[in-house]
Amino acid sequence: MPSDGARVLVIDDEKQIRRMLNISLTATGYNVAEASTGHDGLNQAAIFHPDVIILDLGLPDCDGKDIISKLREWTQIPIIILSVREKENEKIGALDAGADDYITKPFSMGELLARIRVALRHSAKAEDEPVLAFGEITMDIARRIVTIRGKELRLTPTEYEILKYLALQADRVITHRQLLRAIWGPNYQDHTHYLRIYIAQLRHKIEADPSQPRYILTEPGVGYRLVKDSSDVQGNS
Amino acid sequence: MAYFWTFLITVLVTIIGKLLTPYFELLNIALLYLLPVMISAVYWGRGPSFFASLLGVLTFDFFFVPPLYSFAVYDIRYLFTFAVYLLVAIVISTMAARLRDELDKAVKSERLTLALYELSRQIAVVTDLHPLFERFVNAIADIIDGKIILLLSDPGNDKLSEAASSPPGIVLASENERGIAQWVLEYGQRAGKGTGIIRESPTLFMPVKAEDRTLAVLAVTPEIEGEPVSPAQYQMLEAFANLIAVGLIRQRLSQEADKARWLSESEKLHTALLNSVSHEIRTPLASITGAVTGLIDDAVIDHKSREILLRTIKEEAQRMNRFTSNLLDMTRLESGMLKPNEDWCDMQDIIGVSIREVHDLLQNHPLQVHIPADLPLIKADFALIEHVLINLLENAIKYSPPQGEITISVQQQGKELLVNVINAGPAIPMADRKYIFDKFYRLHASESRAGIGLGLSICKGIIEAHKGKIWLESSERNINSFIISLPIPDQPAPPISIVKGEENAV
């Protein structure tokens with residue numbers, strides 16, 4: 001889908017990765033600019049006016065988190081970060097600093113394209129849909145009714161709030177901290193076990209097999225992601 | 001106190017003397033007064049026994065020599081008696097006191113010999129020498145009153161540092177003293193008090209030498225400044241210094257042996273690692289290169305074959321990625337950098353993520369998952385436990401026949417959570433079971449398969465870092481069952497509800 005030539009800025013110090021992303025994204029119909037340092041990246045962000053920024057956290061000249069904070073001083077452009085498996089804290093730090101999503105290297109192009117689409121979608125519209133739908137589930141926000149395959153689902157108020165928060169930001173990663181702050185408030189932002197308990201409860205109610213969830217996916221060490229269409233996120237085949 | 005007792009005995013003797021007066025001559029009674037002199041000489045030394053002699057003469061004169069109850073003497077001959085008595089008393093007390101001194105010395109030297117013996121016995125067996133050094137300096141302080149400091153030289157830079165002291169916790173008095181100590185370390189000769197070098201120093205520095213090397217320096221500062229160190233004390237110090245040297249040498253040798261052993265071990269590991277790494281990277285690289293060149297050269301044109309080649313590339317790349325992760329984890333485990341970042345986790349959640357991770361590999365194997373509802377939470381590093389499960393699942397897939405069933409089951413057993421990963425397939429031979437958790441150990445039967453035998457040893461490292469256990473359940477049937485057990489901590493307080501009166505259950 002050539003997304004009407006949306007502009008993507010790639011900030012990565014690895015030439016190979018930049019080239020690979022440039023070719024693939026251009027072929028998909030995006031308009032791509034490259035930057036090899038954080039400093040250059042910040043300049044480009046101001047000149048190129050990207051619609052989405054792909055930022056590698058392992059830049060040699062500066063800390064990825066600083067770049068995100070500097071960008072967030074003046075713009076809400078969605079930022080997708082590239083990170084490696086071992087560095088959960090780095091990812092969480094970047095997400096809490098204002099990044100929108102992350103993807104772990106090595107990643108498939110399908111996954112990255114899905115992330116970009118979600119980021120663009122979220123920045124394009126305000127979230128005021130009265131009815132959210134994902135898979136076999138619909139959430140009527142106005143009437144506080146959740147149905148699965150047309151049957152009404154009984155959720156506790158906390159379960160409902162968690163599901164709503166995740167569904168409103170579907171396909172995006174939500175860190176533990178973000179979710180805890182949103183539901184229980186800042187005093188509870190480190191009570192990870194609250195989420196473990198409630199997410200398990202929710203899965204038992206909405207997932208066919210809670211051991212192999214289809215809707216609420218866990219991002220190890222980072223948080224959760226509610227997927228609308230599972231082929232979109234696992235799009236690596 | 002001693003003087004008081006001496007006085008008391010003299011009073012007693014006087015009373016006895018008074019009682020005996022009707023029956024004995026006065027001179028015999030005078031002999032009685034030698035008794036307190038002797039007793040006090042033996043028990044309390046020279047001072048009290050002189051006191052006893054003097055007191056004896058005066059009391060005898062006062063109570064027995066006429067005129068009674070006066071110090072005056074009628075018969076001039078008694079003065080002669082007094083003189084003889086005093087002389088005898090002084091000789092006795094001197095002799096007795098010397099005897100006592102000898103005895104004291106004998107006791108002290110016996111204690112010292114005992115201490116030396118005891119320390120020499122221990123220094124041959126104890127591995128941590130530091131507590132022993134404390135006892136050394138205390139034993140030395142027993143012979144020489146004063147400050148004793150043992151300074152050890154750091155093998156790296158030959159700088160001395162305080163290892164033990166009596167009283168504990170003191171250091172060398174000045175930089176000057178440190179300079180002398182450093183000199184002693186360098187030249188291996190005594191210096192300071194009572195020696196030919198810098199004799200005006202209040203401290204004596206003794207080298208602790210073994211095989212021409214000086215390993216430590218003993219600094220001795222006697223309490224009484226003027227008193228020289230006696231030859232006997234020198235000898236004792238020498239004996240102690242030798243013992244310390246023996247201990248230090250022994251420690252150094254055993255450290256060197258450890259190091260040598262460690263080096264050869266790590267060399268072996270290096271070779272094994274290099275061999276497997278090059279094999280494990282080259283194999284997928286070869287497949288990828290082959291597939292890619294085929295595609296670039298347009299040698300393969302039919303759609304189906306192209307698809308197969310592309311899939312091969314993807315799978316092999318994923319394999320290399322898993323391998324790199326394992327290698328990285330191993331390195332971090334080895335270097336102690338891998339510290340579990342523990343937080344509350346739901347085992348079902350971890351299992352779910354692990355299954356999603358190996359989804360592609362699971363295509364040809366039916367999977368059964370048995371997880372009871374209401375599992376307690378555990379405290380663990382989510383990503384690390386996930387990694388363990390992925391490794392176990394990968395093994396299960398790799399070593400089971402096509403369509404072989406794989407089962408994951410979880411159960412709570414007291415204060416432990418057990419996770420069981422079972423695969424159908426030839427049971428691992430008994431002979432191999434002992435070694436499967438060792439690094440680079442691979443089953444003989446599996447040499448043709450990919451892998452370098454890191455997976456299980458990483459699992460073991462991670463699980464042990466969580467104070468858990470991992471083992472292979474023996475089973476005579478055709479299955480392999482790997483079990484992880486993790487401790488279940490006290491559960492956290494239940495979540496507060498965001499709405500009043502909310503029930504947690506359905």
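The model is predicted, so local features need pLDDT of at least 70 and side-chain atom pairs count only at pLDDT 80 or more, while totals for chains, interfaces and linings use all residues. Residues are numbered from 1 along each chain as its sequence is written, with chains lettered from A and ligands numbered from 1 in the order in which they are written.

Chain A comes to nine helices and twelve strands (DSSP runs numbered from the N terminus: H or I of at least four residues for helices, E of at least two for strands). Of its 237 residues, 39% are buried, that is, they have 20 or more other C-beta atoms within 10 Å of their own, with C-beta atoms placed from the backbone.

Now for the helix pair. Helix 6 (residues 157-168) and helix 7 (residues 176-184) of chain A have axes that come within 10 Å and cross at roughly 130° (axes are lines fitted to C-alpha atoms over the stretch in contact, and angles run from 0 to 180 degrees between N-to-C directions). That makes helix 6 of chain A oblique to helix 7 of chain A, oblique being whatever is left after under 35 degrees (roughly parallel), over 145 (roughly antiparallel) and 65 to 115 (roughly perpendicular). On the helix 6 side of chain A, A:T158, A:E161, A:I162 and A:Y165 meet A:L179, A:A182 and A:I183 of helix 7.

As for the partner chain, 25 residues of chain A are in contact with 29 residues of chain B, contact meaning C-beta atoms, placed from the backbone, within 7 Å. Helix 8 of chain A gives the most to this side, with seven residues.

Methods
Contact = placed C-beta atoms within 7 Å. Buried ≥ 20, exposed ≤ 12 C-beta atoms within 10 Å, placed from the backbone.
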